[in-house]
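Have the structure open while you read.

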Amino acid sequence: WEDAADGAGTRDLVTENKIAVAKIDGAWTAADTTNVVISGWTTDATHYIRIYTTAQARHAGKWDTGKYRLEITDGTGISNQEDYVRVEGLQIKVTNTGGCCRHGIALSAQSASSEERVSHNIIRGVMSNLSSSNGIYSYNGSSTITNIKKIWNNIVYDFSENSTGDPWGIDCGNGNCFLYNNTVYNCEMGIAAGSGNDGLYL
């Protein structure tokens, strides 16, 4: 996706004084089945990566096979490791047939000054005999990093199963999570804050 966004793979957006935009447009009949990993960029608060759908490709608040959708089996839909990223208006479906840590969107920026934004997405799960798979997952591997996650106007559902696993709708493992107007339904746990969380604001 990085080549599609700017034509040259990963970039130093700060030095180039640019914003990288991946615009998803048009009518969609088939699902996108390639998971996305965002890594290797240089970003800051005004030079960020934005992935979004236009009105023609965006859902209207319910799952729509005629709009853009990312469908992944036994993997994570979008894995972000960059500091300033925005994901807006996507449909993501994660099917897990077994194993750990299959998420709709995973947020793992490493800088204390980072800000990740997730909004207006529909994220659904098809869970079976697994553990630790979440609709939106926030974890950067260090309890000392107090970065910011802004998560709003998302619909997350069906991260639930009958085994001893713990699939959750939104899991704020650490950092400061600001949540607003999200709908979470039929999940083992709706919204959770991990032991390393610096703040969960609803």
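## A buried arginine

Arg124 is buried, yet this predicted model gives Arg124 no salt bridge. The nearest side chain of opposite charge belongs to Asp158, and that one sits 5.0 Å away.

What does Arg124 touch, leaving aside residues up to four places away in sequence? Its contacts are Trp63, Ile92, Lys93, Val94, Tyr157 and Phe159. As for where to find it, Arg124 is part of strand β11, which runs over residues 122-127.

## Two aromatic pairs

Search the whole structure and you get two aromatic pairs. Trp28 and Tyr68 make an edge-to-face pair, with 4.9 Å from centre to centre and 80° between the planes. Trp28 comes from the loop between β1 and β2, while Tyr68 comes from the loop between β3 and β4, so the pair ties together parts 40 residues apart in sequence. Trp28 is partly exposed at 25% relative accessible area, whereas Tyr68 is buried at 4%.

Then there's Tyr137 with Tyr139: their ring centres are 6.2 Å apart and the planes meet at 25°, so this pair counts as stacked. Tyr137 is partly exposed, with 21% relative accessibility, and Tyr139 is partly exposed too, at 39%.

## Arginines over rings

Two tyrosine rings have an arginine over the face. Arg50 lies over Tyr52, 3.8 Å from the ring centre. Over the face of Tyr48 you'll find Arg86, at 3.7 Å from the ring centre.

Definitions and conventions:
Residues numbered from 1 in each chain as written. Predicted model: local features only at pLDDT ≥ 70, side-chain atom pairs only at ≥ 80, totals over all residues. Heavy atoms only, no water. Helix = DSSP H or I, 4+ residues; strand = E, 2+ residues; numbered from the N terminus. Buried < 20%, exposed > 50% of the residue type's maximum accessible area, 1.4 Å probe, protein only. Lys, Arg positive; Asp, Glu negative; His and termini not counted. Salt bridge = Lys/Arg side-chain N within 4 Å of Asp/Glu carboxyl O. Contact = heavy atoms within 4.5 Å. Phe/Tyr/Trp six-rings, centres within 6.5 Å; stacked < 30°, edge-to-face > 60°. Lys NZ or Arg CZ within 6 Å of the ring centre and 35° of its normal.
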